[in-house]
Amino acid sequence: MSHRPSSGLAAVSTALLAMSRHLEVRDVLKTIVASARELLDAEYAALGVPDDHGGFAQFVVDGVTEEQWKAIGPLPRQHGILAAMLRDARTERLDDVRKDPRFEGWPAAHPDMSDFLGLPVKDGEETIGALFLANKRSPKAEGGCGFTEDDEALLSILAQHAAIALTNARLYERSRELTIAEERSRLAHELHDAVSQKLFSLRLTAQAAAALVDRDPARAKDELQQVAVLAAEAADELRAAVVELRPAALDEDGLVNTLRTHVQVLDRAHSAAVSFDACGVRALPAAQEEALLRVAQEALHNALRHSGADSVTVALVRRGQGAVLSVTDDGKGFEPRTVRRAGRHLGLVSMRDRAGGVGGKLTVQSAPGKGTTIEMEVPGG
């Protein structure tokens, strides 16, 4: 951020365009406070969106370092000057907010504030947020407020557009939630229509084979072969439907945070120590991130359920434009060729299919008593 105030129609237009570019609520809030702070040359800016319980569902600041924010502590409650803006729905322009009788409850680690400009963000008659600025940087008259009537008018315009941007972002997120729900409902119907019917046919065929075993072994064998075919078709139908369900956590948190959270849950749930490390990984195409997550989940499942390992390590590192995932355990290991011959794949076929489907490759290193490492490399977008 520049320490010089932006002014003029071009600066206002830039701020409004920046707000309209974002669809996620959190991104819109960040853009609003950054734009307000820049346009009005303030040291601090913040925007709070109230919840229904006397607090703030979201509270975004600009001008406060990450260390300062951590030291400040929990999100503020709807009290003092913030409550006044939400309740009374009027602009507050103060020479020194610390001298206002409503000034209360500010944490000791909170940055020192003096001149103050705040106003509600409204959607029609509903107050959907409180936007405020503190500590005007430009020189001011002794004892006077650094924020002017022109600043107040400019912030009012910004708040009106902020309300539009925030409402649109909320509508977008609601629309996305409905789309996800509709898509899951569609997949549920597909599973019922396809997989359930296949399983019903499979059960009837198996019953017919059982009835024929004694009196007509040849026909029973044919029926059992049909059971195998139906089971394979049902598995394919189910796999195709599951692939369409991209994990919601990937969209919200990204691959690294999703994997870290997944590993932390498994570490608490199992006696084996499960750890995760990531280094230099950049965002990858959605299909590759989902494939990496699914392979990690499958490999972790195998390690924790079948290997008898005391420790399992998951690593995700950057390699060129892509990434390499490895899941390593110190368990009993196995002979990969023996497993393939016995028809027990431990999900290896599925993992190889996922890797190949996104242009990657999967390698397996294991031996009896030597543990196992599953490694998947993807090339990047």
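1. Thr 373 sits in strand β10, which spans residues 372–378. Strands here are DSSP runs of E with at least two residues, helices are runs of H or I with at least four residues, and both are numbered from the N terminus. The model is predicted: local features need pLDDT of at least 70, side-chain atom pairs count only at pLDDT 80 or more, and totals for chains, interfaces and linings use all residues. Residues are numbered from 1 along each chain as its sequence is written, and side-chain values use heavy atoms, with hydrogens and water left out.

2. Thr 373 counts as buried because its relative accessibility is 19%. The classes are buried under 20% relative accessible area, exposed over 50%, and partly exposed in between, with a 1.4 Å probe and protein chains only.

3. The side chain of Thr 373 makes a polar contact with the side chain of Thr 328, at 3.1 Å. A polar contact is a pair of N or O atoms within 3.5 Å; within protein, one must be able to donate a hydrogen and the other to accept it, and residues adjacent in sequence count only if both atoms are side-chain atoms. With neighbours within four places in sequence set aside, the contacts of Thr 373 (heavy atoms within 4.5 Å) are Ser 326, Val 327, Thr 328, Thr 363, Val 364 and Gln 365.

4. Helix α10 covers residues 348–357, and its buried residues are Leu 348, Met 351 and Ala 355. Seen down the axis of α10, these fall within an arc of 65°, so they line one face of the helix. The arc is taken from the directions from the helix axis to the C-beta atoms. The cover over the buried residues of α10 includes α8 (286–306), β9 (361–366) and β10.

5. On the face of α10 turned away from its buried side are the exposed residues Asp 353 and Gly 357. After α10 comes Gly 359, with a positive phi near 75°.

6. The disulfide count is zero, where a disulfide is a pair of cysteine sulfur atoms within 2.5 Å. Cys 145 counts as buried because its relative accessibility is 18%, whereas Cys 279 is partly exposed, with a relative accessible area of 48%.

7. For the protein chain as a whole, the secondary structure comes to 10 helices and 10 strands. Of its 381 residues, 39% count as buried. Among contacts in the protein chain with a separation of 6 or more, 63% are between residues 24 or more positions apart.
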